Every structure is written in C-alpha cells, then in structure tokens.
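Welcome! Please take a moment with the sequence and the 3D view below, and then we can walk through them together.

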Amino acid sequence: MTLGHVMVATDFSGNATEALLRAAMIARLGTFERLTIAHVLERRLLDALRELIGHDPDPQIGQIVEARLREQADELRHRSRLEVASRCLDGDRRAALVEEARRSDSALIVLGAQGTNGLRRWLLGSTADRIVSSAPAAVLVVKRRARRRYRRVLLPVDLRTPPEAAIALARALAPGAERILMHAYEVPFEGQLRQAGVDQPDIEHYRERAQAQADRALYELRTRLTAPGEICEVTATRGVPDQAILGAEASFKPDLLVMPRHAAGKIERWVLGSVTRRVVEQCRTDIAVLPPA
C-alpha cells in the first residue's frame, strides 16, 4: 500500500523532530510518494507578540520560520530520498493543519506527542487529540524515539467493523512486522444478570461462550486477512475496550498501535472520549488512528 501524500506537522520541538525522523524512516520503505512539512504560526501568539513589541512581527517571524522549514525539508529530503515541500500556515493550529491536509489530499498526518505524565492529557487535548478527532486522514502520533523500524503492531478490532483499512495501514507503516489482532468483549447484560440473581456458574458459562465466539471470529479474520509469510497472532480479552487495549499494550509491548476512529457527527466526541481518546492519551507507544469510513 502506498499512502501518496503525507504531511508532517512540526513546531520545531524535540517531539516534532522525532516525528520527522519516523516519517523519514517509513518513507525509506517506499510507503510515501510525497512529503510536506507544515508549521502553523498561531494568530493569537502573533497578536500577543505584536502588543509586546509595538509593531507587526509577521514579516520577520515568517522569514525565520520559512528558513527553518527549508532546512528541515532539506534534511528530510536527504533522509527519505523523496521530494519534500514545506508550508508555513497561520491561524488556529488544529484548524490550519486539518484544512491543509484536506487541501493537499493527505493520506496521513504525522505529528509528535506533547507532554508526559500529568501534562500529557492537557497538552494532547490541545493539539494531537484535537487533530485526531477531526482530521480527514489517518493520523500517526509519534510518542517514542524513532530508532528502529516498527517490528510489532497491535490492532484492536471491533468485530462489527471491517478491519481491512487498519490492516492496510499497518502494512504500509510497518511492512513485515508481526501483527496482533485483539478484541475486547463483554458478556451482554452481565450487570443486569447479576442484579436478576443469575447464579455465578451460569454467568461463567456465558463468559465462556462469549470468549469462544470472540476467539472464533478472530481466527476467521486471521485466516482471511493474513498473507503468506506474515506473522499474525490473535487475542480476545474480556473487559472495557480502552482498558483492554491498554492492557494488551502492556502485555505485548508493540512498537505501534493502529486503530479506527469510531462514529461521526454529534456523537463523535462522546465516542472518541470513551475509547479512542483515552487510548491516544494514555498509551505509551506510537499510535495511528484512521478516520471514520
């Protein structure tokens, strides 16, 4: 799978540098056709600087930023062996990057995660999470230092949603890597069954049936979607999806996590907040999130 145009967002921080290095590493695998480095001059910061210095800083700031972007484009061109363009945007960071991705028909946005520990949620909420929640393309959030190719990919699957797009993206970002298909299942109405006084042995029986159904579905997916020579494991885990995904991350220690962004419209924020958003915020590995189909 070739992803065509890829946009790498930079704010010239160390985290953004790791995103650039990761993009270059993937590009050498022949995954991308074109790369663009984009930086956003946020209007509110320019306005604050204008008030501070008493005159319009736009020309000077713009020239400095464009020079730095050209330097990074030259470096990325050298590392990726692709033609690399640069774009200096202005406005709100999320809106500008999302609009540029839409305008340039980007298949993937690559950006560095911001913050660690207690700061991570606030900072992700201001940048990466907002882009993930509204981007028209897949988003790769780089959280780790880009020191080697991805070797193991965790793919949480919802058995009601075809996983082909997630698997195709995993193949593009990590060709030849081991894949782990995982599914989080719950016993339907288990809480209500307990409240109704259903005996524990009966509940355990329902759990076993749910486990068997999930296992069977995952094995069928693996048989159908694994090409010769590919390594693919499957695992079904009982529990709330976001907690099960984070638990699988801790157990399998993947280099990359690939998952869909569920839902759209008015309920998207609620659904994103309950599963995808928590995983994006709390996982420790790089994560790629697909847009809704």
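**A walk from helix α10**

In α10, the buried residues are D242, A244, I245, L246, A248 and E249, where buried means under 20% relative accessible area, exposed over 50% and partly exposed in between, with a 1.4 Å probe and protein chains only. Helices (H or I, at least four residues) and strands (E, at least two) are DSSP runs, numbered from the N terminus.

Before going on, please note that this is a predicted model, in which local features need pLDDT of at least 70 and side-chain atom pairs count only at pLDDT 80 or more, while totals for chains, interfaces and linings use all residues. Residues are numbered from 1 along each chain as its sequence is written, and side-chain values use heavy atoms, with hydrogens and water left out.

Back to α10, which covers residues 241–252. The expected span of a helix is 1.5 Å times one less than its number of residues. For the 12 residues of α10 that gives 16 Å, and the end C-alpha atoms are 16 Å apart, which agrees. Just after this helix, K253 takes a positive phi of about 50°.

Now turn to helix α1, residues 14–27. How many of the residues of α1 are buried? The count is 11 of the 14, so α1 is largely enclosed by the rest of the structure. Among these buried residues are E18, R22 and M25, along with A16 and A27.

Next, find A177 in the loop between α7 (164–173) and β7 (178–185). A177 is buried, with a relative accessible area of 8%. Leaving aside residues up to four places away in sequence, A177 touches Y150, R151, R152, V153 and I231; a contact means heavy atoms within 4.5 Å. A177 and L256 are 79 residues apart in sequence, yet their C-alpha atoms are 9.8 Å apart in space.

Two cysteines are worth a look as well. C232 is buried at a relative accessible area of 9%, and C283 is buried at 0%. The structure holds 0 disulfides, a disulfide being a pair of cysteine sulfur atoms within 2.5 Å.

Finally, step back to the whole protein. It has 12 helices and 10 strands, and buried residues make up 48% of its 293 residues. Of the contacts with a separation of 6 or more, 77% come from residues 24 or more positions apart.
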